[in-house]
Amino acid sequence: MLTINNLHATVADKPILKGLSLSINAGEIHAIMGPNGAGKSTLGYTLGGRPGYEVTGGSVEFDGQDLLALEPHERAAAGLFLGFQYPVEIPGVSNLQFLREALNAQRKGHGEEPLSGAAFIKRAKEQAGLLRFDMDMLKRPVNVGFSGGEKKRAEMVQMGILAPKLAILDETDSGLDIDALRIVGEGINAIMRKPDKAVLLITHYQRLLDYVQPDFVHVLAGGRIVKSGGPELALQLESEGYEAVAA
Ligand code: ADP
Ligand code: MG
Ligand code: MG
């Protein structure tokens, strides 16, 4: 589904990704762990096509397409979802408006008719229910006044509604208390653990991986993947630290 080959990227002319390679097949969940400043968020933003993140080498194929040739909205329409470490607030636009626009843009990209209002609300209710998220909160402006945990859960509701092929989730566990962590973990499993979907979880901590069990764990350091393994690698990192394991 995703093949990253020797990716190099700069932020503000500073090289951050320095030859990163990673392959993800449909049906797999991968976790990327690594020290602060390693380039984890940069990887997510670069794959999402965020302005300011410049690719200077390498290639990325997503579902048979040259991902780097697509505009950010085309990447989303192609089935890529990015969950942000710091979700943005959008005053004046309700979650429901935002999600309906996003979903219908995605459908248009596939040559499908927009979803009717009633069908959209049904879908939103189902997904909000899965994340135990109050529908009334979806009527409020995107993320405005939401706590850190609420933003992360709202983001998972977005993911459920958009039903992407590949989700890249950047520190979705940050700011979550124990109960919210479990709800979000179960939500990710319910939405994304399917034979035709894949997840790239970016996380500092092992705890989310207790709920969303990765098939592969990678260590990102110095702008490239320096070690890969199974779920046991995350446990080893937690007990021994990045320096000892990835040196
Ligand atoms: P991680 O998510 O692994 O903690 P990041 O991808 O956020 O790391 O950051 C990687 C490096 O890129 C860091 O050294 C950071 O200071 C730098 N960086 C990130 N964004 C910018 C920016 N907008 N301008 C300059 N440097 C940046
Ligand atoms: Mg960081
Ligand atoms: Mg980060």
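This report describes the ligand shell, the open sheet and a helix pair of a predicted model.

## Basis of the model

Residues are numbered from 1 along each chain as its sequence is written, while chains are lettered from A and ligands numbered from 1 in the order in which they are written. Because the model is predicted, local features need pLDDT of at least 70 and side-chain atom pairs count only at pLDDT 80 or more, whereas totals for chains, interfaces and linings use all residues.

## Shell around ligand 1

The residues around ligand 1 (C-beta atom, placed from the backbone, within 6 Å of the ligand) are Val11, Ala12, Lys14, Ile16, Gly34, Asn36, Gly37, Ala38, Gly39, Lys40, Ser41 and Thr42. At least two residues of this shell come from each of strand S2 (14-24) and helix H1 (40-48); helices (H or I, at least four residues) and strands (E, at least two) are DSSP runs, numbered from the N terminus. H1 provides the largest share, 3 residues.

By class, the shell holds 4 nonpolar, 6 polar and 2 charged residues. Here Ala, Val, Leu, Ile, Met, Phe, Trp, Tyr, Cys and Pro count as nonpolar, Asp, Glu, Lys and Arg as charged, and the others, Gly among them, as polar.

## Open sheet and its helices

Six strands form an open sheet of mixed pairing, in the order S6-S9-S10-S3-S11-S12; two strands pair if DSSP finds at least two bridges between them. Strand S6 (80-83) and strand S12 (224-229) are the edge strands, each pairing on one side only. On average, neighbouring strands of the sheet are turned by 20° against each other, direction ignored; axes are lines fitted to C-alpha atoms, for helices over the stretch in contact, and angles run from 0 to 180 degrees between N-to-C directions. S6 and strand S9 (residues 166-170) run parallel and are joined by 4 bridges, and Leu82 has Ile168 of S9 as its bridge partner.

H1 packs on this sheet, touching strand S3 (29-33), S6, S9, strand S10 (198-202) and strand S11 (216-221), with its direction at about 145° to that of S9. Contact requires C-beta atoms, placed from the backbone, within 7 Å. Helix H9 (residues 231-240) also packs on the sheet; H9 touches S3, S11 and S12, and its direction makes about 45° with that of S11.

## Packing of H6 and H7

Helix H6 (residues 148-162) and helix H7 (residues 178-192) pack at an angle of about 10°, with axes 10 Å apart. H6 is therefore roughly parallel to H7, a term for angles under 35 degrees.

The contact involves Gly149, Lys152, Arg153, Met156, Met159 and Gly160 of H6, together with Ala180, Ile183, Val184, Gly187, Ile188 and Ile191 of H7. By class, this contact has 7 nonpolar, 3 polar and 2 charged residues.

Definitions and conventions: Two residues are in contact if their C-beta atoms, placed from the backbone, lie within 7 Å. Angles under 35 degrees count as roughly parallel, over 145 as roughly antiparallel, 65 to 115 as roughly perpendicular and the rest as oblique.
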